[in-house]
Amino acid sequence: MQEKFDKNIEKVKQIISDFDHFKIEESKANSKFCEGNKVLDDCLNILNEKELIIEEISVVDGKIVSKN
Amino acid sequence: MSNKESFERIKKVYGIDKENILTVSKISGYIKNKLTNDPKLNQIYVLGEITNLSRPSSGHIYFDIKDEENLVKCAFFKRNNSSLSFELKNGLQVLILGSITTYEKRSNYQLIVTLILPLGEGAFYLQFKQLKEKLSKEGLFDDKYKKEIPPIPKCIGLITSKKGSVIKDILNVQKSRFPNITIKLIATLMQGEKACNEVIRAIHILNRYKTVDTIIIARGGGSIEDLMCFNDEELARTIFQSKIPIITGIGHETDHTIADFVADQRAPTPSVAAKIAVPDKQDLTDKVEMVRNELQKSYKNYIASKHKELEKLREKIQSLKTELQKSYNNFIKSKEKDGESKKYKRIIITMGVIILIIIIYFIIKRLIGN
């Protein structure tokens with residue numbers, strides 16, 4: 001989760017750096033910009049991907065048992 | 001002379017029967033048997049001060065235990081002393097569990113020690129201090145071994161009591177900061193004799209889950225005795241060996257246990273432990289928006305810079321065009337100038353030729369006339 005989030009942020013930072021150093025051709029700029037935005041949307045999805053689950057674990061007869 | 005010969009001689013000289021005579025070994029054995037079979041001398045607690053402490057290379061520990069008037073020799077053999085959690089020193093007040101027996105070779109009686117508990121006001125502190133020093137020397141508290149706490153955990157393993165406010169506080173922090181992280185809760189005792197083993201077992205269980213990437217051990221405040229289970233050597237070693245990073249939030253800010261020192265991160269309270277483990281989702285969302293703004297800004301700058309470049313090219317083309325026109329005009333002018341000078345030359349030459357012809361005419365005419 002965290003790894004994916006950080007990777008996405010890095011990806012966008014690279015795009016930003018490319019823009020700042022004009023490494024890309026103008027024709028690719030639009031698609032790069034769209035890609036960057038999509039990756040950031042993915043980041044937000046990562047933060048919202050699941051609901052809170054509280055699972056209680058205990059050991060019964062030597063076996064791990066989930067009480068949920 | 002053998003024993004048999006001796007007995008025969010005694011019988012002859014003194015008239016004493018063999019049955020009425022004891023050997024040294026027999027009497028020593030008899031005394032030993034008496035002492036070891038006396039329940040009042042077996043597994044007894046003895047209170048006193050340590051003196052004449054010696055630690056030979058064999059690993060056994062020998063000392064005397066004394067009060068104001070008397071002393072008893074003690075032997076604390078290697079097999080029993082390996083689990084000693086504090087260092088013995090002369091002058092230390094202790095409570096000893098052991099049994100009285102004899103050392104037959106010297107006819108000494110001694111206390112064979114099974115367990116030693118430190119006493120006095122600083123007993124707990126002493127035990128704590130000595131264990132801390134021992135584990136510190138072994139490197140268990142070194143920063144190089146501290147595992148990194150993941151910034152966004154997948155699943156948090158929570159070891160705490162199901163009763164009390166601690167679990168509520170932690171869940172409240174979690175709900176307010178990042179409500180969609182899974183928590184695996186193992187409810188354990190957090191004080192008393194069984195607490196330590198339950199916490200150790202909980203750490204082992206959580207280490208079996210691949211999804212759990214952060215563990216919190218949390219307990220509210222309490223007396224030094226209440227927190228003693230967190231000063232246990234085995235628990236410290238289990239925390240150290242855990243593959244999953246562990247955050248401790250035990251007691252209040254001023255409480256420091258061995259578990260805190262060996263943990264990958266110590267939090268002053270359970271709520272702070274939860275804050276360390278659980279990132280603030282709003283902060284992360286803000287980070288995403290910040291990066292998005294940065295992306296937009298860079299994109300706009302990029303487009304603007306490309307427009308500027310284009311404008312410069314346009315200006316350059318315009319200036320080249322002007323220059324070209326100027327050069328062309330100059331060229332034409334120079335060409336025109338060239339043409340005019342040739343015309344004048346031609347006229348001058350023609351006029352020169354005419355004058356020359358006239359001169360020649362007059363010369364010829366004069367010559368003919370003459």
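The crossing of helix 6 and helix 7 of chain B is left-handed, a crossing being so called if the near helix is turned anticlockwise from the far one by less than a right angle, and right-handed if clockwise. In this predicted model, local features need pLDDT of at least 70 and side-chain atom pairs count only at pLDDT 80 or more, whereas totals for chains, interfaces and linings use all residues. Residues are numbered from 1 along each chain as its sequence is written, while chains are lettered from A and ligands numbered from 1 in the order in which they are written. Helices (H or I, at least four residues) and strands (E, at least two) are DSSP runs, numbered from the N terminus.

The axes of helix 6 (residues 195-206) and helix 7 (residues 233-241) of chain B come within 10 Å and cross at roughly 15 degrees, which makes helix 6 of chain B roughly parallel to helix 7 of chain B. Axes are lines fitted to C-alpha atoms, for helices over the stretch in contact, and angles run from 0 to 180 degrees between N-to-C directions; angles under 35 degrees count as roughly parallel, over 145 as roughly antiparallel, 65 to 115 as roughly perpendicular and the rest as oblique. Helix 6 of chain B contributes Cys196(B), Val199(B), Ile200(B) and Ile203(B) to the contact, and helix 7 of chain B contributes Glu234(B), Leu235(B), Thr238(B) and Ile239(B), where two residues are in contact if their C-beta atoms, placed from the backbone, lie within 7 Å. By class, this contact of helix 6 with helix 7 of chain B has six nonpolar, one polar and one charged residues; Ala, Val, Leu, Ile, Met, Phe, Trp, Tyr, Cys and Pro count as nonpolar, Asp, Glu, Lys and Arg as charged, and the others, Gly among them, as polar.

Chain B has 10 helices and 10 strands, and 24% of its 370 residues count as buried. A residue is buried if 20 or more other C-beta atoms lie within 10 Å of its own, exposed if 12 or fewer, and partly exposed in between, with C-beta atoms placed from the backbone. Among contacts in chain B between residues at least 6 apart in sequence, 66% join residues at least 24 apart. In strand 9 (residues 246-250) of chain B, five of the five residues are buried, so this strand is largely enclosed by the rest of the structure. The burial extends to both faces of strand 9 of chain B, with Ile246(B), Thr248(B) and Ile250(B) on one side and Ile247(B) and Gly249(B) on the other. Strand 8 (residues 214-219) of chain B runs parallel to strand 9 of chain B and is joined to it by five bridges, two strands being paired if DSSP finds at least two bridges between them. Within this pair, Ala218(B) stands opposite Gly249(B) in strand 9 of chain B.

Chain B also contains a closed barrel of five strands, which runs 1-2-3-5-4 with mixed pairing; the twist averages 55 degrees from one strand to the next. Strand 1 (residues 44-54) and strand 2 of chain B run antiparallel and are joined by four bridges; these strands form a hairpin with six residues between them, in whose turn Gly59(B) has a positive phi of about 100 degrees. Strand 2 (residues 61-66) of chain B pairs in the antiparallel sense with strand 3 (residues 71-76) of chain B over six bridges, and a hairpin joins strand 2 to strand 3 of chain B through four residues. Tyr62(B) in strand 2 of chain B stands opposite Ser54(B) and also opposite Ala75(B) in strand 3 of chain B, whereas the bridge partner of Ile65(B) in strand 3 of chain B is Val72(B). The covered face of strand 2 of chain B holds Ile61(B), Phe63(B) and Ile65(B), and the uncovered one holds Tyr62(B), Asp64(B) and Lys66(B). Helix 2 (residues 24-36) of chain B lies across strand 4 (93-103) and strand 5 (108-118) of chain B, running at about 140 degrees to strand 4 of chain B.

In chain A, the axes of helix 1 and helix 2 come within 9 Å and cross at roughly 160 degrees; helix 1 and helix 2 of chain A are therefore roughly antiparallel to each other. Helix 1 of chain A passes helix 2 of chain A in a left-handed crossing, and the contact of helix 1 with helix 2 of chain A has eight nonpolar, two polar and six charged residues.

The contact between the chains takes 30 residues from chain A and 29 residues from chain B. Helix 1 (2-20), helix 2 (26-47) and strand 1 (54-60) of chain A each supply at least two residues of the side of chain A that touches chain B, and the largest share, nine residues, comes from helix 2 of chain A. By class, this side of chain A has 20 nonpolar, four polar and six charged residues.
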